[in-house]
Protein chains: 2
Amino acid sequence: MIVDTFWQRKTAQHHIFLLFPVCYSLNGYKEYIYNRDSEGVAMKIVLTGSAGRIGHTIALQLLVEGHQVTGIDLAPARIEHAHYHHVQCPFEQAEMLNDAVKGADVLLHIGAMMSWHPKDNAAMFHANVTATQWLLDAARGAGVKRFVFASSGEVYPEVRAQFQPVTEDHPRNPVSFYGLTKKLAEDLVLFYQQQGLETVILRFPHTQSIDELLDPDSFFSGPRFFLDGKIRQMRSFGNDVVADKLQTVRDRLGGPAMIVQYGEDDNLPYQMHIADVRDTADGVILAMTHPRAANGIYNLGTDEPVAFEDMLPVMAQATGLPLIDVTMPGKAVRFKTSNQKIKRELGYQPRFTFPDMIAQAARLTVYRHNTKESV
Amino acid sequence: MIVDTFWQRKTAQHHIFLLFPVCYSLNGYKEYIYNRDSEGVAMKIVLTGSAGRIGHTIALQLLVEGHQVTGIDLAPARIEHAHYHHVQCPFEQAEMLNDAVKGADVLLHIGAMMSWHPKDNAAMFHANVTATQWLLDAARGAGVKRFVFASSGEVYPEVRAQFQPVTEDHPRNPVSFYGLTKKLAEDLVLFYQQQGLETVILRFPHTQSIDELLDPDSFFSGPRFFLDGKIRQMRSFGNDVVADKLQTVRDRLGGPAMIVQYGEDDNLPYQMHIADVRDTADGVILAMTHPRAANGIYNLGTDEPVAFEDMLPVMAQATGLPLIDVTMPGKAVRFKTSNQKIKRELGYQPRFTFPDMIAQAARLTVYRHNTKESV
């Protein structure tokens, strides 16, 4: 239901926009006037990772706003639209990249590989760093007006922050190889910026969509909130000791459960930022359009971190699963990141709080259950 | 002749070493005792760039010292020796890399691509950064005891130093893409170091060998000291204005010349460090063997920079070419880098001054002329 409402509003916005291509304010921040060509196309945008979760959401919104989008992704197209062109392309094919980027106004580089397995280091380096270098070269060659790069809070790292809330000035010293790939790619972006390419670096928080939030099998939400997902994750990391310990709990319970994670060393519950994919997409489009964003670096975070202790009971109620506490080795993941800079400079305002996300996810679950089909 | 002397001394060292595998001091620093296996092999060393100028010099010295060397290079082998194994391998073949690194005690990653053409960015990124990631993965997988990485003074950058002499604490902010690739690779090395791999980062100065120093066609020396080489370089960079200006000078002279370069903006002559390839090789082997080098970062520089104003007259005399002053756009390249840390901590002492190099190069030229063959 909420999904209907959401897309209806988008559609409404679409119509308003095509009829009155003027400056207007919605969702708390300003949109910018685009000069349109004879076919009503505002900007030509290249978007990497367009078949992914965040990229797909961005692509839909860009099309709704009248832009022409060329999506680049390893996966096949998820969108059919007169102004959408899909390039299914491994980044090795640099010539194809150059062709795709030719004539583009902006390049949104959102695509990335995420893994925390050392065996994936080389592939992740290739996808996240090497591909960024190729795209920067292609963007410079094509004379694009702005290059927006999706970095990550893992560059800091938030889990071992020197001060909180973590601002954009916090030293970058990633603990994960994933975070390292983002740091190295940032340095590439900054180098091309010094050479004259206009860039924006956005450091994404952990991002989820409402259709995965209450799904025990989802990539992000599963290991974060669900006992079964956590056991699977620990097993895949080779942490059999922890996996076995959690399995014992599961056996005693006799079934699945939701979990509040605590750090074994400090006995504190987890606390971290979890953004709604639609807010993250909003932030990317804002970074693409806002004049002041030029050459900026922004945390694209939520206003408040999610306190697992407070939120998990609500999620347990929404799923009907029992709730238990589990302790994980080391200190609790507990951080707070500041989104003040992007709010102050670009007028960013996230629309969805975590309670909103839970409520919408719950309604989506009911809707799916009633319609017996995937939305 | 000097080359003969040089290799004779090396050979003498070899015999001493095989007969008495004990601690001894030569060239002002300490060598370390190696435990040898039944075949007299001290260490198993993997060396990238083994067919290159510096790598080749290192390989020869390692073999002389009784080590077993596996060289990895795009180019074919330049050495035949019972303890030398060559892997001619593009870095794409990661499996071949893993095989080569298996069983190695140390990995000396010296190979790199050098270019200052933006069109080479992607290839240089691949050779200098991506390959370093693969090698680090391979080294970790193989459990090598130390990973020595050849970085560059261009990471600082020396040409826009905030203070001089440039020490290892100087902020890294490369102006060239080549320097950027070295900075990014350093960050990869430091990440793997944090994960438990023992590493050494050496920041190489500009390095030359005596057989290229007075050769107008050589890659490094040609554009640095010779008018014709400078014209060719400027042409290849697309700096036709400067190339034309220099060509006018050459036409007026009626032939080739040696040049003292000045900065147009500050009217100062160039001054920079130029190391002898044998000293650079010594530094690498020292970094490989010295216990205190573990996880260190060192400028592997010469004691004093080369003052072009003073040295070019000597080179002109050695070549019999006339000497002229040429002004280049911007400020003069003028820097001084400190090698105090590696001298203090590891006892490094370069053996060859720039006047030594000129004298030896001149004798080599005479020797070549007399023997009519390449040494």
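Me: Contact means heavy atoms within 4.5 Å. With that in mind, which residues of α4(A) and α5(A) meet in this predicted model?

Reply: On the side of α4(A), they are Asn121(A), Met124(A), Phe125(A), Asn128(A), Val129(A), Thr132(A), Gln133(A), Leu136(A), Asp137(A) and Arg140(A). Facing them in α5(A) are Phe177(A), Tyr178(A), Thr181(A), Lys182(A), Leu184(A), Ala185(A), Leu188(A), Val189(A) and Tyr192(A). By class, this contact of α4(A) with α5(A) comprises eleven nonpolar, five polar and three charged residues.

Me: Why are α4(A) and α5(A) called roughly parallel?

Reply: The axes of α4 (residues 121-142) and α5 (residues 177-194) of chain A cross at roughly 15° and come within 9 Å. Angles under 35 degrees count as roughly parallel, and α4(A) and α5(A) are therefore given that description. The crossing of α4(A) and α5(A) is right-handed.

Me: How do you know whether α8(A) and α9(A) are roughly parallel or roughly antiparallel?

Reply: Helix α8 (residues 227-236) and helix α9 (residues 240-253) of chain A have axes that cross at roughly 155° and come within 8 Å. The limit for roughly antiparallel is an angle over 145 degrees, so α8(A) and α9(A) are roughly antiparallel to each other. Their crossing is left-handed. Among the residues that make the contact are Leu227(A), Ile231(A) and Met234(A) of α8(A), together with Val242(A), Leu246(A) and Leu253(A) of α9(A). The contact of α8(A) with α9(A) has seven nonpolar, one polar and six charged residues.

Me: What makes Lys102(A) count as exposed?

Reply: Lys102(A) has a relative accessible area of 58%. Exposed means over 50%, so Lys102(A) qualifies as exposed. Lys102(A) is in the loop between α3 (94-101) and β6 (106-109) of chain A. The C-alpha atoms of Lys102(A) and Ala139(A) are separated by 8.0 Å, although the two residues are 37 residues apart along the chain.

Me: Why is Asp105(B) called buried?

Reply: The relative accessible area of Asp105(B) is 16%. Buried means under 20%, and Asp105(B) is therefore buried. Asp105(B) lies in the loop between α3 (94-101) and β6 (106-109) of chain B. Leaving aside neighbours within four places in sequence, Asp105(B) is in contact with Met43(B), Lys44(B), Val144(B), Lys145(B) and Arg146(B).

Me: What makes the phi of Asn267(A) worth a remark?

Reply: Most residues other than glycine have a negative phi. Asn267(A) is not a glycine, yet its phi is positive, at about 55°. Asn267(A) is in the loop between β10 (258-263) and β11 (271-272) of chain A. With 55% relative accessibility, against a cut-off of over 50%, Asn267(A) counts as exposed. In chain B, Asn267(B) has a positive phi of about 55°, and at 57% relative accessibility Asn267(B) counts as exposed.

Me: How many helices and strands does chain A have, and what share of its residues is buried?

Reply: Chain A has 13 helices and 15 strands. Buried residues make up 56% of its 375 residues.

How values were computed:
Residues numbered from 1 in each chain as written. Chains lettered and ligands numbered in written order. Predicted model: local features only at pLDDT ≥ 70, side-chain atom pairs only at ≥ 80, totals over all residues. Heavy atoms only, no water. Axes fitted to C-alpha atoms, helices over the stretch in contact; angles between N-to-C directions. Helix = DSSP H or I, 4+ residues; strand = E, 2+ residues; numbered from the N terminus. Parallel < 35°, antiparallel > 145°, perpendicular 65-115°, else oblique. Left-handed = near helix turned anticlockwise from the far one by under 90°. Nonpolar A, V, L, I, M, F, W, Y, C, P; charged D, E, K, R; others polar. Buried < 20%, exposed > 50% of the residue type's maximum accessible area, 1.4 Å probe, protein only.
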